[in-house]
Amino acid sequence: MQKKLQEKIAQFTDAKTIKETGLYPYFRSIASAQNTEVIIHGKPVLMFGSNSYLGLTDHPYIKEAAISALKKYGTGCAGSRFLNGTLDIHIELERRLAQFVGKEAAVLFSTGFQVNIGVLSCLTGRNDFILLDEMDHASIIDGCRLSFSKVIKYGHNNMTDLEHKLCTLPENAVKLIVVDGIFSMEGDFVDLPPIVLLAEKYGANIMIDDAHALGVIGKNGSGTASHFNLTSKVDLISGTFSKSFASLGGFVASDHETIDYIKHRARSLIFSASMPPATVASTLAALDLMVNEPEHIKKLWDNTHYAARLMLAEGFDLGISESPILPIYIRNNEKTFLTTKFLHDAGVFVNPIVSPAVPADSSLIRFSLMATHTFAQIDEAVDKIAKAFQKFGVTALKEVPVKS
Ligand code: PMP
């Protein structure tokens, strides 16, 4: 390798440093389905670090649908949606998703990340403005970069700050407010009603990334706009299938004209191969379950309330979470890695989250619930976390109850 690049790579020592301490927590190899219990190095480990909120990745109905599609359509589409890669089931899924979130039309992308980079970069350009919540997901930030638009961040759910920023912008400019529906690390909901009022007052559009809200809130899990009864006021709703839908891929929904524009302009759609058949069929089957079996969402919320109550009783600091994403704040990187390793060795999988995913003083372990967890599994995990906190001297700070 050329020397300059080699030197640059050698300067990256973050991962090496953690590996040397024996606390490296990333790329752990799992040898089973993403259930509430997974197999790691031959041992059972309780999974509390998954985004499969409804616990559907191993569901027989979904697996059967995937197998049938695999048999009928083969393993891949060998091309982009734009050219040879559109199957009848892609179109069916788009129709069903549009109906699900209450919009006229939808278009699929091969990942949720590709939705944000494709949609933001084609909807906005050099003379336009994107307004972002400071806690928005990385894929939204990257979409903004690709759009070359002027990006303005406002404080997390801080409507005074949003208005302060909006009122300085030219009246006739394109202004797009982009927010997560449920914030991926903090676990709280976007404060949508005042955003709608501000968007109307200042002539802005709204896009919600509902990656963590679909399957979790709103009618049958149809997301944030539905939860607030504001679907008609939100211009674009996007989502991913890598969480509650137990699969992979993403979509954006809006009016016919906007979706048609995106279909002909979004580069991450046009220049990338389409979702494979088994993945499309899995997503359709997961959507069936969301709509026809509300018990999954109910159980997810029962588990969430049960876990939050236990944790608050233990004095854990859950920040501002209102959802199945429970960030347990440690606010110290070393203790966060020590706790993660202790829990891993004790048979509990959680994700350590440190800067830049969260601000430098906000490191945490991200504990996420699935509908399929049992209360006994939650008891065991909370007990082990409490033991870890005692061992490493983690002290709790505040108590904010989780609401549905
Ligand atoms: N948006 C948000 C809010 C996310 O949390 C994620 C994934 N963590 C994505 C988009 C990207 O989704 P995908 O995994 O489908 O690429």
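Tutor: A cavity here is a set of points, on a 1 Å grid over the protein atoms alone, where a 1.4 Å probe fits but cannot get out. This is a predicted model, where local features need pLDDT of at least 70 and side-chain atom pairs count only at pLDDT 80 or more, while totals for chains, interfaces and linings use all residues. Residues are numbered from 1 along each chain as its sequence is written, and side-chain values use heavy atoms, with hydrogens and water left out.

The largest cavity holds about 60 Å³ of space, a volume being the space filled by probe spheres set on the grid points, which are joined across faces, edges and corners. Its lining (residues with an atom within 4 Å of a point) includes Arg-81, Phe-109, Gln-114 and Met-275. Strand 3 (105-109) and helix 11 (267-270) are the elements that give two or more residues to that lining; helices (H or I, at least four residues) and strands (E, at least two) are DSSP runs, numbered from the N terminus. By type, the cavity lining splits into five nonpolar, five polar and one charged. Ala, Val, Leu, Ile, Met, Phe, Trp, Tyr, Cys and Pro count as nonpolar, Asp, Glu, Lys and Arg as charged, and the others, Gly among them, as polar.

Now the open space. A pocket is an open set with protein on both sides within 12 Å along at least five of seven lines. The largest pocket has a volume of about 1,000 Å³, and helix 5 gives the most to its lining, with four residues. In total 44 residues line this pocket, and His-137, Ser-184, Met-185, His-212 and Lys-243 lie nearest its centre.

Around the ligand are 15 residues, with Gly-112, Asp-209, His-212, Thr-240 and Lys-243 coming nearest; a residue is near if one of its heavy atoms lies within 4 Å. Helix 5 (residues 112-123) shows up again, giving the largest share of this shell, three residues.

Look at the polar contacts, pairs of N or O atoms within 3.5 Å. A side-chain N or O atom of His-212 is 2.6 Å from a ligand oxygen, and a backbone N or O atom of Gly-112 lies 2.7 Å from an oxygen of the ligand.

Terms used. Polar contact = N/O pair within 3.5 Å; in protein donor to acceptor, adjacent residues only side chain to side chain.
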